[in-house]
Amino acid sequence: MSTINTHAAGAAERAERIVDTKPLLFGVLALTLFVAALRLFEQAFGWTVGLDSFAPEFELYWINLLKAAVVLSIASVALLAGLLWRTRDRELEKLSPARETRRLLYLVQWLVVFALALFWGLSFFSEQTAVWHMTAVRDTDFTPSNIITFYISYPLFSIIGVGAFFYAKTRLPFFAQGYSLAFLVLVGGVFMTIPNVGFNEWGHTSWAMDEGFAGPLHWGFVFFGWMSLAVFGVTLQILGRLRQLLGNEGVDALLRR
């Protein structure tokens, strides 16, 4: 009986090591604090020094923020992708089922943070931008709300998405052996909201001043934003691989819990 209990305790300990939620908690906390800081900055300086683009204060608080955001976004995605590629697992064929399962669960956590970043970017800040433009007269394309939304929150979720893609590509055999169409649509599709910003601002400046949220000029954001639904395809691929790793008995055991 003691031998059985020892084996059971060892199995439980191994299971705990496979499921590690610390990265998820850290990611959610860091993202929440970052978004809160953005919103507080916007609350403090949006209306006080953000309505006149010709004022020196606008240059100090908002144009400098824009420049920093563009530089940091480019540097961050290059550094993250480069680091994940440089530290890639070069012996994936030797990866044990336990370690692969652990990495698959890390990928799931990465996608959860990605989904939360999409909410803040495509929902919270985007709808806030629509309200801003319907209540304030703008004299520049680089309004405080636009800078926060288009040049910080959009690149943020794109960087997280690229990180998830490179993590899967460099550390998981299933995704390393080819290119997941669902993953490409997910990451590439939502990234295309950033180039669509250029079309949107050009349109508003040149020929469509109406800020109606459902206007044709905004359809590109909806089209590319809906590509985030490809996350369900990626999830199915992850679940399929987990089923292969666990086997029918493992899956049945989880369902009975």
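**Aromatic pairs and a helix contact**

Me: Which residues do ring pairs link into a cluster?
Reply: In this predicted model, ring pairs join Phe 165, Phe 166, Phe 174, Phe 175 and Phe 183 into a cluster.

Me: How many aromatic pairs does the count come to?
Reply: The count comes to 19 aromatic pairs. One of them is formed by Phe 45 and Tyr 61, whose ring centres are 4.4 Å apart with planes at 25 degrees, so the pair is stacked.

Me: Where do Phe 45 and Tyr 61 lie?
Reply: Phe 45 is in helix 2 (residues 22-49) and Tyr 61 is in helix 3 (residues 56-86), 16 residues apart. Phe 45 counts as partly exposed at 24% relative accessibility, and Tyr 61 counts as partly exposed at 27%.

Me: Back to Phe 165 and Phe 183: what is the angle between the planes?
Reply: The planes are 85 degrees apart and the centres 5.6 Å apart, an edge-to-face pair. Phe 165 belongs to helix 5 (residues 144-171) and Phe 183 to helix 7, so the pair ties together parts 18 residues apart in sequence.

Me: And is Phe 165 buried or exposed?
Reply: Phe 165 is buried, at 14% relative accessible area. Phe 183 also counts as buried, at 1% relative accessibility.

Me: New topic: at what angle do helix 4 and helix 7 pack?
Reply: Helix 4 (residues 97-135) and helix 7 (residues 181-191) pack at about 30 degrees, with axes 13 Å apart. That angle makes helix 4 roughly parallel to helix 7.

Me: Which residues make the contact?
Reply: Helix 4 contributes Leu 107, Leu 111, Phe 114 and Leu 118, and helix 7 contributes Phe 183, Leu 186 and Val 190. By class, this contact has seven nonpolar, no polar and no charged residues.

Technical notes
Residues are numbered from 1 along each chain as its sequence is written. This is a predicted model: local features need pLDDT of at least 70, side-chain atom pairs count only at pLDDT 80 or more; totals for chains, interfaces and linings use all residues. Side-chain values use heavy atoms; hydrogens and water are left out. Axes are lines fitted to C-alpha atoms, for helices over the stretch in contact, and angles run from 0 to 180 degrees between N-to-C directions. Helices (H or I, at least four residues) and strands (E, at least two) are DSSP runs, numbered from the N terminus. Angles under 35 degrees count as roughly parallel, over 145 as roughly antiparallel, 65 to 115 as roughly perpendicular and the rest as oblique. Contact means heavy atoms within 4.5 Å. Ala, Val, Leu, Ile, Met, Phe, Trp, Tyr, Cys and Pro count as nonpolar, Asp, Glu, Lys and Arg as charged, and the others, Gly among them, as polar. Rings of Phe, Tyr and Trp (its six-membered ring) pair if their centres lie within 6.5 Å; planes under 30 degrees apart count as stacked, over 60 as edge-to-face and the rest as tilted. Buried means under 20% relative accessible area, exposed over 50%, partly exposed in between (1.4 Å probe, protein chains only).
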